[in-house]
Amino acid sequence: MKPALLEVMRMNRICRMVLATCLGSFILVIFYFQSMLHPVMRRNPFGVDICCRKGSRSPLQELYNPTQLELSNTAVLHQMRRDQVTDTCRANSAVSRKRRVLTPNDLKHLVVDEDHELIYCYVPKVACTNWKRLMMVLSGRGKYSDPMEIPANEAHVAANLKTLNQYSIPEINHRLKSYMKFLFVREPFERLVSAYRNKFTQKYNTSFHKRYGTKIIRRQRKNATQEALRRGDDVRFEEFVAYLIDPHTQREEPFNEHWQTVHSLCHPCHIRYDLVGKYETLEEDSNYVLRLAGVGSYLKFPTYAKSTRTTDEMTTEFFQNISSEHQTQLYEVYKLDFLMFNYSVPSYLKLE
């Protein structure tokens with residue numbers, strides 16, 4: 001019997017014993033998700049015999065054993081991206097795998113679509129609103145047809161999508177093994193500036209101003225006015241960076257999801273993702289996922305011109321006033337994301 005299966009069976013027995021003796025109490029079940037869940041795909045990605053739904057090919061089959069030449073060519077690119085993640089995890093194992101177990105809370109970003117056998121890990125500031133809209137269409141069983149008719153705030157209502165942490169341990173393991181898992185990533189500092197602009201420069205984000213803005217100003221600004229300490233709505237980017245690199249910040253609580261690292265949100269060193277899409281090729285990669293799911297003929301990724309989008313030029317401008325010392329410290333915070341998803345060190349950085 002395979003070690004992975006033995007481990008799951010052992011954990012299930014332990015969980016039953018604990019539950020039997022602790023009725024009426026809330027038990028946080030901890031379980032393993034090693035990259036060994038896909039032990040063969042690393043070596044032979046196009047020859048895997050994956051069980052699929054009766055009468056149709058699953059997205060995993062279409063990805064690893066494509067029937068169309070167009071899909072085959074794209075599959076090579078995504079195999080390279082998977083290899084990059086695997087190699088980075090192995091090379092940085094002391095950091096990337098320091099936690100060898102995941103808890104249900106770690107799986108709250110993984111959205112499940114049962115009908116098309118998909119698992120999507122959403123990353124804020126990487127088109128996650130539109131991808132949540134798409135997942136609502138895919139899993140809504142006809143309730144929704146046009147993703148852009150779904151209001152943005154409705155897409156972020158937790159009850160509208162099912163996440164992996166809502167399943168039992170055997171159900172989680174089954175879905176991780178047999179569903180196609182994907183995520184979308186973005187150049188880390190461009191994503192960071194996008195998060196700052198959205199959460200700290202927009203007057204309507206009063207909840208972020210109160211929760212984080214007041215804290216950042218109190219900790220980072222000398223001689224702050226009482227008005228600034230009360231409102232928290234004029235955080236400077238330099239203060240935001242100082243807050244992120246302050247060791248006290250992460251000891252106090254985890255980063256907010258909008259500036260948390262991708263590897264901490266989606267755990268790609270524990271969960272082997274089948275497809276890594278990129279913000280830089282968002283439409284192409286998104287429609288590839290939809291084709292693999294068998295819905296590409298009638299469902300496309302929604303696109304529209306957005307003049308306020310954070311660009312590389314904007315990011316460069318924001319970093320001009322950040323000292324080389326703070327740039328170096330900030331890069332260390334996001335270094336694994338740079339390496340894992342093959343983003344080069346930005347030319348504007350002055351690393352020490």
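**Aromatic and charged side-chain contacts**

The structure holds 24 aromatic pairs, a pair being two rings of Phe, Tyr or Trp (its six-membered ring) with centres within 6.5 Å, stacked if the planes are under 30 degrees apart, edge-to-face if over 60 and tilted for the rest. The rings of phenylalanine 237 and phenylalanine 319 are edge-to-face, because their centres are 5.5 Å apart and their planes stand at 70°. Since phenylalanine 237 lies in helix H11 (residues 237–245) and phenylalanine 319 in helix H15 (residues 312–319), this pair ties together parts that are 82 residues apart in sequence. The model is predicted, with local features needing pLDDT of at least 70 and side-chain atom pairs counting only at pLDDT 80 or more, whereas totals for chains, interfaces and linings use all residues. Residues are numbered from 1 along each chain as its sequence is written, and side-chain values use heavy atoms, with hydrogens and water left out.

The structure also holds 20 salt bridges, each defined by a side-chain nitrogen of Lys or Arg within 4 Å of a carboxyl oxygen of Asp or Glu. In one of them, lysine 203 meets aspartate 233 at 3.8 Å, N to O; lysine 203 is exposed at 60% relative accessibility, while aspartate 233 is buried at 14% (buried, under 20% relative accessible area; exposed, over 50%; partly exposed, in between; 1.4 Å probe, protein chains only). Glutamate 253 and arginine 211 form another salt bridge, at 2.9 Å, N to O, in which glutamate 253 is buried at 17% and arginine 211 is partly exposed at 48%. Both residues belong to a network of salt bridges that also links Lys215, Arg219, Asp246 and Glu252.

Terms used: Helices (H or I, at least four residues) and strands (E, at least two) are DSSP runs, numbered from the N terminus.
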